[in-house]
Amino acid sequence: MESLFDHTKYSTVVFIDSMVALEGKPLDQMPWNELDPTGPILVLVVSQVNSEIDKRKRDGRLAKRARAFNRLIAPAAETAAPHRISAGPPAVDIAIARHRHIEWDQYDDLDPDGGDDRVVAQILHARDVPDERKLLLTNDTNPIAIGTRHGLKSWRMPDHWLADPEPSPGDKEVARLKARVRELEEAQPKVEISLQYGVDQPQTVFRVDPVPAEARNAITTHIIRQNPRQDDDSPFNLHPDYSYDDRYRDYRTKIVPAYSASIHRFLEVHYAQVPFTLCVKNVGVLQAESLVLTLTSSGGSLHNRFTYYPIFGPAAPKPRPGILGHFRLSADDIQAAMVGRHEMFFAVGPDRGSTIEIHCADFRHGRKWEFEGIATIDPHGDEGPFVIDVGVTASNMRGIQTQAFEFAFESQSAKIVDLVDVLEPGYKIAFPMMERFKAEVTAKNWSWIEAVDVYGQEQDLDEDDDFDEDEGDENAD
């Protein structure tokens, strides 16, 4: 039978198995120079390999590769001659191999129904190439072992010749879901949240021992002596304060004793306040409609003002000047009836509670909003960390975006005398926000401070009050 090609024109003749075509890189893109740097190279395909590849044309994972191989070898099949698939160097041709009839009875170790056995047998019986020039190219161990037993040389295809693995069904589903998430993100606003605490971590908070019962009378007597009754006997006062006697009596008999019994709680709050700054940005291309922003604390409370208890004793009441002297109106008492669509509105708090909720009808794309708050850590709660959970949603957002911001702290037991001197007012240990507190008092920024009475109720600030911002500062650690 006449030869279909002249094998002497090729420096290397290789037979491939189906694994090379289906799992390797495309034949015309393989680094053939690693096998033979000069060439030319002839790649031969036996009928068993062709059949195995044909069966994969409807395989979900390998169909594309099987069809690509068929297109590559089609010219060689149609002409029954080698077809060039790479100009090189080295040049590479592909052809379909012919083989003689196989007498399977001669091979007691070959299974005619085994795919690898049939491939090796067809190579051993291939025409047009002398046995000494035949070389099997595969990445599998089994055909190499079978060929070696029958004197067939082989060359293991390096792993880097393999094609990138096709994604598994699970990987494809993950990719599909990620693409869907990206699609949904592009169809809704993208809001970024960040929160920074304004003091170092971990911070020490104090569990303060109460004043012993036998010592409370001494503190009460001292405070009353420092805050005597203030009488207004001016003959020009046409409207004397007839309530003053009752108010001062309550001061001596109720308010000051309540202070002596509660100063340890006031100090716990004083030393447990830490500042934080929340930043909200709309970094997407759509506005957030009906934005709802929620801050929830775990292990403490939230506010937007510094909570100031009368640390060194409550001031005595003063006579009210004139019939309208006891009426006060602050800007905080007036709430606008109308809120602009782009304005942030506090729907819940801030009020020393555990939750703050802010609404905005239209939080435009590219907008940034910051909120300066103050967290108060409960020293009697669970051992840290203190956490602020921030949640954001909008009518055109799917679900709620949440993020937790932790603050590390350590609880330490202390006595009142370890922190302050009540009898000669002064701080022995600086509280975390001391410098900020002093600056705001100096600037008379009273809106930053919430003065609280001994019963925990907000009270009006008197600008003439001494907030003790300088006392004992030089001795504070």
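Strand E9 (residues 273-282) and strand E15 (residues 368-377) run antiparallel and are joined by nine bridges. Helices (H or I, at least four residues) and strands (E, at least two) are DSSP runs, numbered from the N terminus, and two strands pair if DSSP finds at least two bridges between them. The model is predicted, local features need pLDDT of at least 70 and side-chain atom pairs count only at pLDDT 80 or more, while totals for chains, interfaces and linings use all residues. Residues are numbered from 1 along each chain as its sequence is written, and side-chain values use heavy atoms, with hydrogens and water left out.

Axes are lines fitted to C-alpha atoms, for helices over the stretch in contact, and angles run from 0 to 180 degrees between N-to-C directions.

A second open sheet holds six strands in the order E3-E4-E2-E1-E5-E6, and its pairing is mixed. Strand E3 (83-86) and strand E6 (153-156) stand at the edges with a single partner strand each, so one side of each has no neighbour in the sheet.

Strand E1 (residues 12-16) has five of its five residues buried, so it is largely enclosed by the rest of the structure. Buried means under 20% relative accessible area, exposed over 50%, and partly exposed in between (1.4 Å probe, protein chains only). Thr-12, Val-14 and Ile-16 point one way from E1, whereas Val-13 and Phe-15 point the other way. Four bridges pair E1 in the parallel sense with strand E2 (residues 41-45), where Val-43 stands opposite Val-14. Between E1 and E2 the chain passes through helix H1 (residues 18-23), and this β-α-β crossover is right-handed; with the strands pointing away from the viewer, such a path from the first strand over the helix to the second runs clockwise. E1 also runs parallel to strand E5 (residues 134-138), again over four bridges, with Leu-136 in E5 as the bridge partner of Phe-15.

E2 also pairs in the parallel sense with strand E4 (residues 92-96), over five bridges, and Asp-93 in E4 is the bridge partner of Leu-42. Helix H3 packs on the sheet and touches E1, E2, E3 and E4, its direction making about 75 degrees with that of E4. Contact means heavy atoms within 4.5 Å.

The axes of helix H2 (residues 47-54) and helix H3 (residues 63-79) come within 9 Å and cross at roughly 135 degrees. That makes H2 oblique to H3; angles under 35 degrees count as roughly parallel, over 145 as roughly antiparallel, 65 to 115 as roughly perpendicular and the rest as oblique. Asn-50, Ile-53 and Asp-54 in H2 meet Ala-66, Phe-69, Asn-70 and Ile-73 in H3.

Thr-138 lies in strand E5 and counts as buried because its relative accessibility is 0%. Among the residues that Thr-138 touches, not counting those up to four places away in sequence, are Asp-17, Pro-143 and Trp-155.
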